[in-house]
Amino acid sequence: MPYVMVSHINLLYHVNCQSESLVTRWGVKSGALKDGTMSSRPIRITTTEPTISLNVPTKTSEDSHGGKSSPFAGLLRVPLLLLLLYGFVCSLDVLSSAFQLAGGKVAGDIFKDNAVLSNPVAGLMVGILVTVLVQSSSTSTSIVVSLVSSGLLEVKSAVPIIMGSNIGTSVTNTIVALMQAGERNEFKRAFAGATIHDCFNWLSVLVLLPLEVASGLMSFLARVTVSGFQLHSGEEAPELLKTLTEPFTKLIIQLDKSVITGIALGDESMRNHSLVKVWCKSSVSMSSVNVTVAAAHNCSAELHCGNDSDLTWITQNITSQVNTEKCRHLFVDSGLSDLAVGLVLLAASLLVLCSCLLLLVKLLNSLLKGQVAKVIERVINTDFPYPLGWLSGYVAMFLGAGMTFIIQSSSVFTSALTPLIGIGVISLNRAYPLTLGSNIGTTTTAILAALASPREKLPAACQIALCHFYFNIFGILLWYPIPMTRLPIRMASALGERTAKYRWFAVLYLLVCFLLMPCLVFGISLAGWQAMVAVGTPFSALIVFILLINLMQARNPTRLPKTLRSWDFLPHWMHSLKPLDKLISRSTALCCSPARMKDPEVVVVSPEFKNPAECGYDNPGLSLPEEISSEPRVFRLRGLERCNSTPL
């Protein structure tokens, strides 16, 4: 489609789909530019007539040179892509270490109160909080295995913690989705793709946690499975991803994770130990020491025994550990506290993570464009021909499990999917089975890690890993085989739409779901099950009531009283986020300069605009509403929502 360079403010344009040209109402000439890669300059449209939003294209640097990029530049993009991906994965690893330094000992203290962990709701919240604090489900799972093998925690009480760990590990890709908040549509898709994992886990917990508490189904199946096999301790499967990243990440930081486990097991001496690893190699030495015996001791039958006047001494062999080689990383002799090191690494890893992700998205957009993007999108998102279309999702699930098994990290796999979903290469419907497969893949790696446990911990470790496996299997059976039960897709889409309209909602979602709500529920659970019932019952009843009323309003509103046919009788702040958005917009408007607040060039479009689908444009932002209001309408486009994020 030809394009127009706008030079005046109050020009009225008609869009003619048949001639595919823009003709001004006041006779201003329209110039056609050469078709090619264009970058849209966002504008703001204000009019008393029904309006639409347009992106006025400007030439990119590639067009200004009048030619395509050289093949050599295209070849350089592939190693650059691999380098950025390597930096992205390493930054995730360092981010996990930073969280463990900042909150690892707190996580150990949370696990310490085993009486609280016997409460299944408290155990679920503990699993979420600890995994969010240490940014590693494997660390929280290993602590649970140690508690179970030492007899401090039963397997049935450990299952809710594993469920919470499954929820907490999904916070990483949700944080990654925030990095694409610069472009509204990309952010909508990326946040939906990231939260689909959260929605699946929360829905599975709502069904499977009461079932487990009532029947102990998963712990029973895990116990039967372990007893049915003659398990022997073996070697842990090699982790391909850590083999590639550890040579670099070990130069930055190395942690002694046994400190967190020791605190959780009640070893108070570990509280004074630092998580920063100082000595990497040590040797065992044995020395003989003379020890004085207080009581009378007969030395006749002992070789290493002697009497000196009234004292009796014996010789004992004492084994001691001698440190021989220091670790080599940046903070080995820094003298900083764990919290200070954690905050430094947190800031640095977030900076590298954001930079790598933003460059990755731009590089992927340049590589996956035009026909290449269409081919890749068609291959990934297309189902098998009829009648085998239903197999496509299961093949994607198998692919996700295989990829996670290879890289040994579900967080890395789902975080790598997020930018691809954001730029539109992978659809949300295809990302869902890939994420479910990743859940299965991470449980198989946990099973292999459990098989490498010491003999005394082997049964407990295998039971915990199998409970994790059965939780994901039952969740898939609940929320995938029947299309109408795939609620996580619809929930994630709704969250994506909400965050596209109110970008601050993504931060609110993270704080509420992964920090405030788990802390609140955990605090109530400390008061006992009576307090949990007193608070939880009215809250649950209110949620069920709201869901039923919403369903009746959508399906059959005539059966409801007139008052309940809409939520208009409530104050505006109780059924809309606009009042809160206005408050946040006013508070953030102070950071915007007056120059940014001025309106840019304005284009007013005549209401005789046809459906953009007739012109072949696949842009939902250009579609007109069915009922056009005569009131003034304002459409704010990308780049103009710095001070007000809500389009009216």
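Predicted model: local features only at pLDDT ≥ 70, side-chain atom pairs only at ≥ 80, totals over all residues.
Good morning. I shall begin with confidence. The mean pLDDT of the protein is 74, and 71% of its residues reach 70 or more.

Next, the overall make-up. The protein has 23 helices and ten strands. Of its 648 residues, 42% count as buried. Among contacts between residues at least 6 apart in sequence, 75% join residues at least 24 apart. Gly 103 and Ile 260 are 157 residues apart in sequence, yet their C-alpha atoms are 9.7 Å apart in space. With a relative accessibility of 5%, Gly 103 counts as buried.

Let us turn to helix α19. Its 23 residues, 504–526, should span 33 Å at 1.5 Å a residue, and this agrees with the 32 Å between its end C-alpha atoms. The helix has a kink of about 45°, centred on Val 512. Which residues of α19 are buried? Among them are Trp 504, Phe 505, Tyr 509, Leu 510, Cys 513 and Phe 514. Just after α19, Gly 528 takes a positive phi of about 110°.

Finally, the cysteines. How many disulfides does the structure hold? It holds one, and this disulfide joins Cys 280 to Cys 327, with the sulfur atoms 1.8 Å apart. Cys 280 lies in strand β6, and Cys 327 lies in the loop between β8 and α12, so the pair ties together parts that are 47 residues apart in sequence. The link is right-handed, with 120° about the S-S bond. Cys 280 is partly exposed at 34% relative accessibility, whereas Cys 327 is buried at 4%.

Cys 513 is buried, with a relative accessible area of 15%. For Cys 354, the closest cysteine sulfur is in Cys 356, at 9.6 Å, which is also too far for a bond. Cys 354 is partly exposed, at 22%.

Thank you for your attention.

Definitions and conventions:
Residues numbered from 1 in each chain as written. Heavy atoms only, no water. pLDDT = per-residue confidence, 0-100. Helix = DSSP H or I, 4+ residues; strand = E, 2+ residues; numbered from the N terminus. Expected span 1.5 Å × (residues − 1). Bend = angle between axes of the 7 residues up to and from the residue. Buried < 20%, exposed > 50% of the residue type's maximum accessible area, 1.4 Å probe, protein only. Contact = heavy atoms within 4.5 Å. Disulfide = S-S within 2.5 Å.
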